[in-house]
Amino acid sequence: MISRELTDWTLTATDGPVPESLAGVRVPARVPGTNHTALLDRGLIPDPYTGTHETDVAWMKRTAWRYAAVLDEPAAAPDERVDLLFEGIDTVAGVTLDGTRLGRTANMHRSYRFDVRSLVGAPAELVVDLDSALATAEAEAERLGTRPMAYGQPFNMVRKMACSFGWDWGPDLQTAGLWKPVRVQRWRVARLARVTPLVTVVPGHVDLADDDPVAPGTEVADAQGRRTGVVDVRVEVERSGLSDAGPLVLDVSVGDRGVTTRVPAGWPGGVLDVRVQVPDVDLWWPTGYGEQPLYPVEVTLHEGDGQDRSDPLDAWSGRVGFRNVVVDRTPDEHGTGFTFVVNGRPVFARGANWIPDDHLLTRITRERLEQRVDQALGAHLNLLRVWGGGIYESDDFYDVCDEKGVLVWQDILLACAAYPEEEPHRSEFEAELRENAARLAPHPSLVLWNGGNENIWGHEDWGWKERLGDLTWGAGYYYDVFPRVLAEVDPTRPYADGSPYSPGAGPDRVHPNDPDHGTHHQWDVWNRIDYTHYRDDVPRFCSEFGFQGPATWATLRRAVLPDSADVPEGFKESEVFGLHQKAIDGNGKLDRGLVRHLRVPDDFTDWHWAMQLNQARAVRYAVEHYRSWWPRTAGAIVWQLNDCWPVTSWAAVDGDGRRKPLWYAMRHAFADRLVTVQPRGAELVAALVNDTDEPWTGRADAVRTDLGGTVLASSGSTVTVAPRSVTLVPLSGEVTAVGDPSSEVLVVTFDGARGLHRWAESRDLALDPDPLRTAVTAQDDGYRVEVTATSLALGVTLLVDRLDPDAQVDAQVVDLPAGATAVFHVTGAGLDPEALVARPVLRTENDLVRAAGQ
């Protein structure tokens, strides 16, 4: 196998609303790439992420494009195949070589291979003509009948990244191009068409026959601690058909264990199943539960009887981790659970939803993915859910998660719409799932296949049934095609019909978004009710919930804010700010989500801080509630970790990679050990959450004070919290007998951790508007900022990016009772120490009360 990548192409707009300056112009284009990246690289279009330029490039989505390259390949030998492999075409295209049509493509999420041996031997023009995906989708909707969808453009009618058509956090750019590598592959005799390692761990030292069935279980060791790793490697071999079908030898190794399979002459190609057994394997664990050992897997294909193996026909390499995963869906007195069990151990999923990290996908690098996964770990997350409106992520993403122990929940790519089941759609769905399930199978981080996002829920609740009539909508995918394909290609991982999802959901069954069964999405809070209503439900697993907030100031300054130092009055209602707020009535919902807690500021600087703070408050409130109910509630996946451009959104990390106050709130709420004050009926309890393998022992002290720190009542007791458990400590008597809700606070401390409870919202508290004493000390890597509260100080935050876009701080949104001190470490050089501890850098919730004149 000889493989060569084709990277140098030209791009031409060939039809549609093309600006005169680009008509007929051949633009050099690097592949992988898209029309947007090629034109941006040459300065031919403005950056669609800044200002109002998204609208300036809207013409591109109805334009046809041509990628062209010169293919100069020697003629094929009599027994040689020459293939063109397109790993990813975005999206609807015709491919020709020297005027000969090779085929059509209509799916961004799969690869295409063309045999061109008869067409090589002289320089020839390779052309990919890309149609408008939007025009294609509209034609399909006309042909098959329009299906309901969350937005106005028929993204459900073409196999393209759904959010490419815009979302309530993303731009509407609708890229077109060659978004993954294009390769020329020359080979003879046979090649490895697909390699799928499937891993299970079985108790004891066993010697299984090759055809003994093995399914992942909860037990991974026998009473003596012995275990065996089993790797079933499915190898699909394609014969060239150009030479005698002589014998072949397949070598498969896992670590230092190997198996050789000999194929006799005459075998036409197909599937070979090879089992490698590795005794006493080291287990792969999620972060916080153990290490993440990875074992190399090597597969080589040889011609002949195996005596000479110096020159293999083809080879494949990857890595696997040994672990079992199941989802415990056992019915109980509360409903139906949904708990990840890894290597026999139940895991509370501390998660966030993941979207493509850049709308222009080819700009995403491994370094960028590693930075984002590290930010997830920094917020104490152990799971990322790859959402169904995006892409099957690159191998780099899953490799990083494998190495760092981050679990991955993988949606199949359907979101917020009814999808046609007619051909060619059904076959395209099956082909893309087969390819990607096989590609992702080696990754131990991948722990769930999920049928899609909100499609079953939408069918039940969003008025789709009346609009659909007899039209197909996707049920055949969720209940038949997807589980059937996965049972064949990857039976080692659990599958869920969708998210939200209740086991057995369907006609006349449990509602798919019932919080007592399976997974649940909580969006009433954002859309219509206050975040205090998160406590209305105790879901078994909340796989989506969240609250909006604007990007950091430095990101807004780069992409959205005017050039002048001052932000003009009414800026949040401006065209440019509105273009970077995609949610329907987004700013209205932000304002209404604040008024119960604080009055809405008029000044944009104060409004920006208030909305970032309220986003952090809302999500922390939800996470602490959900965690206090473990094991009844077994997971909380925040919407969302990351952004794909600079925008007001639900993300904890904005489009420039900066951490918003929400990230720090998640870091606190998802900490391994947490103290939170929660209601249980008419009483209050201190919920002590210990998500570690060690007991947590200390004295739980509860103190009711006035805002100035005078003790009004106290109680305490010694408590031991068992590993991976929650202990509820009742709070009653004088310590909760509040006299004046506007001037009292309850503080619970346990082994250095602190939880705080207020009986009144901030707008009704008698907060000191200036509650802090500060001291700044320069250090080698930045500054040490010591902050002491003279009165209750809420949400203490240093917005250091206002001084330097590259500056960072280690904590934000810190609540300090009177007398408490917090130390913030700021990285950055040349910062003004006085500015570090003055508005608008040093902020509190207290100063918002003052700013609103409350």
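Does Val813 count as buried or exposed, and at what relative accessibility? At 6% relative accessibility, Val813 counts as buried, where buried means under 20% relative accessible area, exposed over 50% and partly exposed in between, with a 1.4 Å probe and protein chains only.

Before I continue, a word on the source. This is a predicted model, in which local features need pLDDT of at least 70, side-chain atom pairs count only at pLDDT 80 or more, and totals for chains, interfaces and linings use all residues. Residues are numbered from 1 along each chain as its sequence is written, and side-chain values use heavy atoms, leaving out hydrogens and water.

Val813 is in the loop between β46 (808–809) and β47 (814–816); strands here are DSSP runs of E of at least two residues, and helices are runs of H or I of at least four, numbered from the N terminus. Its phi is positive, about 50°, although Val813 is not a glycine. Asp98 likewise has a positive phi, near 55°, and lies in the loop between β8 (92–97) and β9 (100–106). Asp98, however, is exposed, with a relative accessible area of 54%. Most residues other than glycine have a negative phi, and most peptide bonds are trans.

I turn to the cis bonds. The peptide bond from Ser499 to Pro500 is cis, with omega near 0°, and Pro500 sits in the loop between β32 (495–496) and β33 (520–522). Trp630 and Pro631 are also joined by a cis bond, with omega about 10°.

Finally, the whole protein: it has 17 helices and 49 strands, and 59% of its 854 residues count as buried.
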